[in-house]
Amino acid sequence: MAASVLNSFNYNTYTGYHGFSSADQLARQLVIISYNLHGLNQGKHGIDELILTIEPDFILLQEHWLTPDNMFKLSELSVNYSFFGSSAMNACVSSGPLIGRPFGGTAIMVNNKYVCATTSLVSSDRYTAIKVGDLLLITIYMPCVGTDQRDSLYSDILCELDALINAHPECKQCFIGGDFNTNLDCSVSVSKFMNTFISNNRLHRLDVLIPVSNNLTYVNEANQCGSTIDYMLTNAPNGVKGFNILDLDINLSDHRPVLAMVEQCWAETARQNFIQQPSESIVEHFRWDHAPLDEYYDFMSIRVCCCSQY
């Protein structure tokens, strides 16, 4: 299903199509996905499908539920990806045995072709940010209903994100994706906070730029209900060439991944930095049959002769 959704960008009839007519043009697009895992054990199957069928450039993750000692499990998802992120349970684990289910955590998976140009900016239980050339990527997991002092915490996180964006004016494009835990079209307080943040930073909602027929990102099949609480924002709408909410074949999470396609020219700096990296061969094991034997024999013969004179 994920592959068919991506391939559908080849057709003019697809919602959000912007004039690409060949597979070569499509291949030059960056693919960014935001996905609330609802725990790594639940979301792992979805990540496997996304990597196998789409091979995204960046995957913005929320709620991996990993303790600090288990963060390494993100690196085991694929040898072709590296990750930047943190656990939300540092304080909980350090204070004693874990009681109840795990929770929270954010991370960003980066395709290894961009690792050399990637800089980790900040990583916390609520958001993780990296810079890839002139591209700023932020994944966020905002407080849900029932969180203690939710309004205050929500506002504080947005203030931190505002400072983070302003600290990196060199980034031509900024992408913020994640679980906002509120419908931005509602009039509740946290939605107003987020909409003010969007307006102040001149951001645009991709679901508004490119509407889709089924915009539900959270689906609870047991209760037969759903809502739109996962979003992706950008400050450069002209660079966005596609947007969709994916319906995976196997998805044990209660969230659906959100996909964006972006012009690769926005990551030109990243590609140039990667290309300019010195290509040094790494020798893991010395091999005798690859050694310069003639030079070795000449070197040793002189020293053996000197030893024989004594």
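A nonpolar core is here a set of buried Ala, Val, Leu, Ile, Met, Phe, Trp, Tyr and Cys residues joined through side-chain atoms within 4.5 Å, where buried means under 20% relative accessible area, exposed over 50%, and partly exposed in between, with a 1.4 Å probe and protein chains only. The model is predicted, so local features need pLDDT of at least 70 and side-chain atom pairs count only at pLDDT 80 or more, while totals for chains, interfaces and linings use all residues. Residues are numbered from 1 along each chain as its sequence is written, and side-chain values use heavy atoms, with hydrogens and water left out.

The secondary structure of the protein comes to 9 helices and 14 strands; helices (H or I, at least four residues) and strands (E, at least two) are DSSP runs numbered from the N terminus. Of the 310 residues, 47% are buried. Among contacts (heavy atoms within 4.5 Å) between residues at least 6 apart in sequence, 70% join residues at least 24 apart.

An open sheet of 6 strands, with mixed pairing, has the order E5-E6-E7-E8-E12-E9; two strands count as paired if DSSP finds at least two bridges between them. Strand E5 (118-123) and E9 stand at the edges, each with a single partner strand, so one side of each is left without a neighbour in the sheet.

Within this sheet, strand E7 (residues 135-141) is mostly covered, with 7 of its 7 residues buried. In a regular strand the side chains alternate between the two faces of the sheet. In E7, Leu135, Leu137, Thr139 and Tyr141 point one way, whereas Leu136, Ile138 and Ile140 point the other way. On one flank, strand E6 (residues 127-132) pairs with E7 in the antiparallel sense over 6 bridges; Ile140 is the bridge partner of Tyr127, and Val132 stands opposite Leu135. E6 and E7 form a hairpin with 2 residues between them, and Gly133 in the turn has a positive phi of about 65°. E7 is also joined by 7 bridges to strand E8 (residues 173-179), the two running parallel, and here Thr139 has Gly177 as its bridge partner. Together with helix H5 (residues 150-166), E7 and E8 make a right-handed β-α-β unit; right-handed means that, with the strands pointing away from the viewer, the path from the first strand over the helix to the second runs clockwise.

The largest nonpolar core has 24 residues, of which Ile138, Ile140, Leu161, Ile176, Phe180, Met194 and Phe197 touch the most other members. E6, E7, H5, E8, helix H6 (189-200) and strand E12 (230-234) each supply at least two residues of this core, and H5 gives the most, with 6 residues. Apart from this core lies another, of 23 residues, among them Ile130, Leu135, Val258 and Ala260.

Helix H6 contains the buried residues Val190, Ser191, Met194, Phe197 and Ile198. These cover an arc of only 125° around the axis (taken from the directions from the helix axis to the C-beta atoms), which puts them on the same side of H6. On the other side of H6, Ser199 and Asn200 are exposed. The buried residues of H6 pack against E7, H5, E8, strand E9 (204-205) and E12. Leaving aside its neighbours within four places in sequence, Phe197 is in contact with Leu158, Leu161, Asp162, Ile165, Ile176 and Leu203. Just after H6, Arg202 takes a positive phi of about 55°.
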